[in-house]
Amino acid sequence: MAGAIIENMSTKKLVIVGVTLLLFQAFAFMVGGLIAPSPTTAVHYLATKCVDIGKHRQETKWFMPWGPNQCTKLKSFDEAMAKKIEANNIVFAVHIPLPNKEMSPWFQFMLVILQFDIAFKMYNQIEEGAMATIDVGLAYRDDTVSEWTEMAHSFEHRKLNCNFTTTKTFENEGRYYECDLLPFMEVGSVAHKYYLLNIRLPVNERKKINVGIGEIKDIRFVGIHQNGGFTKVWFAMKTFLTPSILIIMIWYWRRITLMSRPPVLLEKVILALGISMTFINIPVEWFSIGFNWTWMLLFGDIRQGIFYSMLLSFWIIFCGEHLMDTTLFATLALGRGQVKMSESSVSANKNFPQPDLHPTKNLQDQTERNRFSVYWKQVGPIVFGSFCLFIFDMCERGVQLTNPFYSIWASDVGTELAMAFIIVAGICACLYFLFLCFMVFQVFRNISGKRTSLPAMSKARRLHYEGLIFRFKFLMLVTLTCAAMTVIFFIISQVNEGHWHWGEHTVQVNSAFFTGIYGMWNLYVFAIMFLYAPSHKRYGDEQTSGQCITGDAGGNGGEDIQLTTTITHVEGPSEIYRMTGKEAQE
């Protein structure tokens, strides 16, 4: 009688497999910690104040802060006032990157954060709810002599959230407000070598544009991009892991299709998990090196969202399908005499009648366990949450495909919704993990309650099932560990995306955490497909005929009951899958 590999593989071989996977997991962390640099780099820029001396402003004119064609500069606004230069004629210019450097497609994305340096003046204070109106343009070029090409242009509004920590008196004039960082721009690809930002703060007192925003002295920017060295390590991991998961998935499903019976629900879900892992592994990012694909960030989020929803759903179904069923295990434990282990609990109850074991309940339970619709209450919220994640992402990164200066954080309503989303997502992730812990606890409690029946078996079979129970418990603990790390990674990722709104509470994630978690997902999926694949080994063939012992009810027509049917056999799934039924859903 054959079963899954986790059932029939020898303990020595399983230990070798486990140690090998553990070494690969340690290597994944070491790749990020010892080889890859930090995931991102932050570069600080100070905008140069340029003067637009043209009588008629030309929209296509670009102002360079340095170089052979640099603009006419102002050291301060006091100089502008002395020269009677109006605010509408001042352009803040920022060249990305710094002099003598180049941007690269390996940087993958470019995120720019803005901060105003605003001085306190008694007669020019920041009004409550002050809104800064920004006329901004973005241009690019790939050498130092060609003309700039406009990439985007927009009028944006950013609410100022500034505090003056000292007393507002004439003595404290000139001190600076403490202003929050503001989201400014996000570009999904870095296909060009040089970028140029030209920013104006137009003033119109009649329309109340840029009135009551204080005395702006300077504009500072922080440019954040992915490190090229980390990108190369990340691409290398994807390139290596993609064929590994693809090969094991094809091998797994080929073994499933060789069976005479159709696949059961758990086997289908394992395949779906492998497909989602392959989908997120495929290194399509290689094309971003040669093509200006600004939608790669959005596409990456969609792939990760699909994998998250599949992984979370798999854990629910995986635990649910392995909740211990009393009737089935009691038949297994009480089996003695001429009764072979079988899936037919009806026959078992004929031989061993018990008041609390009902064959109808067991048959109904076995029917329900192979239906995906049974889990709609658990999987439904996961799908709904994933859909909300998609809508939230489309509201920001979807719009940024046409306007890189758009941000959902720019408005009060958007900020509140985004903050609420991050908090609710973190709470839901924690609740999910607690619910998963509860399901695993239920499984362990049921197994512990049935272990008292094991002494009724022969010694060889008792040791066999004790080994199966230990292997299954260990796999469930590994599942919980993987789930805990995934929840932590999800929460930290959400916090980091809105890091400029958390003040000083910023979580720094190094490369080892990224590569380690990514490696953990792949190794876990690999292990599940390997361990739950049908085994060519047949447990029991090597055993003596004395293990098929005769029961007291030998006269019941000699009905054979085979509970440890092979996963490659027409009669049903694996031994663990049979001996662990599903409890009634609450």
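Predicted model: local features only at pLDDT ≥ 70, side-chain atom pairs only at ≥ 80, totals over all residues.
Accessible areas come from the Shrake-Rupley method with a 1.4 Å probe, and for residues only the protein chains shown count as cover.

View 1. Residues are numbered from 1 along each chain as its sequence is written, and side-chain values use heavy atoms, with hydrogens and water left out. The protein exposes about 28,300 Å², of which carbon and sulfur atoms supply 62%. It holds 14 helices and 14 strands, which are DSSP runs numbered from the N terminus (helices: H or I, at least four residues; strands: E, at least two).

View 2. Six strands, in the order 4-3-5-12-7-8, form an open sheet with antiparallel pairing, where two strands pair if DSSP finds at least two bridges between them. Strand 4 (73–74) and strand 8 (149–159) stand at the edges with a single partner strand each, so one side of each is left without a neighbour in the sheet.

View 3. Asp 135 lies in strand 7 (residues 131–141) and counts as buried because its relative accessibility is 7% (buried is under 20% relative accessible area, exposed over 50%, partly exposed in between, with a 1.4 Å probe and protein chains only). The side chains of Asp 135 and His 153 are joined by a polar contact of 2.8 Å, a polar contact being a pair of N or O atoms within 3.5 Å; within protein, one must be able to donate a hydrogen and the other to accept it, and residues adjacent in sequence count only if both atoms are side-chain atoms.
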